[in-house]
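Q: I would like to learn how to read a few features of a model. Where do we start?

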Amino acid sequence: MSHTSPRQHEILVVDDIAANLKLLSNILADEHYNVRVAINGQMALASIHAQKPDLVLLDIKMPDMDGFEVCKRLKAEPETASIPIIFISALNETEGKVDAFRAGGVDYITKPFANEEVLARVHTHLELNDYKNHLEEKVSQAVSEIQNLNDELEATQKEVIYMMGAAIDERSHETGLHVVRVAEAAKRLATLHGVEADTIDLIYRAAPMHDIGKVAIPDAILNKPGKLTDDEMAMMKTHSQIGYDILKYSKRSVLQMAAIIAQQHHERFDGFGYPNGLKGKDIHIAGRVCALADVFDALSHERVYKPAWEPEQVRDYFREQKGKAFDPDLAELFLQNFDDFLDINRRFKDE
């Protein structure tokens, strides 16, 4: 009976008796395995660390270092832990076999052995190990492909969010870069405030949707160059709740965050904002951060109803509104790092 391996596997035979080494080497070589030998435990470890074999046939009773110790050392190191080890020994007691498996062996052959038994067990464990390695490789490939798909979906989701935000801005005669600047400013402010990295990422990706509710506001109000009437202002203010209502049923974390931002980015720290008159820390950190980022960008750039403000005017406004419209801690961080936010305007300047 012959066992043909799918490729030339390399097997290390470890035994302190030369006759056993020769016998096992001949049996395996006849089946076209590449065979290496070692006469003691130290030599076996050195040989394995120089080049990993596909399988080890390991004698138990050897001077200085027995087979159990060799196996334990190999299993203790990540580089060699996966090598299958078959013990070969004259010990036929149950206790010896149990110790062999406890040490990490995959099989146990009792001397004197039949050639066919050795070949059958070697072949079986090589095939099992090949299958295991192939399966691990396939799993790794699958995980990598899933990660690539997730990355692509995230990139697509981010692009769609920016495009939707930009479309709303274009309708209200604002530049699409407004949503980019608000996202960048919100991210910077949240980072300065020490917000958790995962939450910062959600804020950054969701912020461009802050005005999505303006889709329901008539053009005559949205683009009116002068001051809005009380009724027009009441209609304009509905965009916060409308934005929330559009997004609130999503199960996606980024759209859940976008719903919060859409609803709360016009709330004021002093409780006089809209739509719900939330006060202080009752306003989600994302709402507080985006409120400041949105107003900063609106003041810094021209709108249909006003010219752009000079940086010092903007700075003075935030000093005056610290603790009123805006979270005082966030406003202080903003003022202390004012140049960072001006740099965002420079980097994402309207064409």
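A: With the cavity. On a 1 Å grid over the protein atoms alone, a cavity is a set of points where a 1.4 Å probe fits but cannot get out; lining residues have an atom within 4 Å of a point. This is a predicted model, where local features need pLDDT of at least 70, side-chain atom pairs count only at pLDDT 80 or more, and totals for chains, interfaces and linings use all residues. Residues are numbered from 1 along each chain as its sequence is written, and side-chain values use heavy atoms, without hydrogens and water.

Q: Which residues line the largest cavity?

A: Rolling a probe the size of a water molecule over the atoms shows where empty space is left. Here, Glu267, Arg268, Phe269, Ile283, Gly287, Arg288, Ala291, Ala325, Phe326 and Asp327 form the lining. Its residues divide into five nonpolar, one polar and four charged. Ala, Val, Leu, Ile, Met, Phe, Trp, Tyr, Cys and Pro count as nonpolar, Asp, Glu, Lys and Arg as charged, and the others, Gly among them, as polar.

Q: How many disulfides does the whole structure have?

A: A disulfide is a covalent bond between the sulfur atoms of two cysteines. The test is a pair of cysteine sulfur atoms within 2.5 Å. The search finds zero.

Q: Is Ile285 buried or exposed?

A: Buried means under 20% relative accessible area, exposed over 50%, partly exposed in between (1.4 Å probe, protein chains only). Ile285 is buried, at 14%. Beyond its neighbours within four places in sequence, Ile285 is in contact (heavy atoms within 4.5 Å) with His193, Val195 and Leu330.

Key: 1 Å grid on protein atoms, 1.4 Å probe; cavity = no way out; pocket = protein on both sides within 12 Å on 5 of 7 lines; lining within 4 Å.
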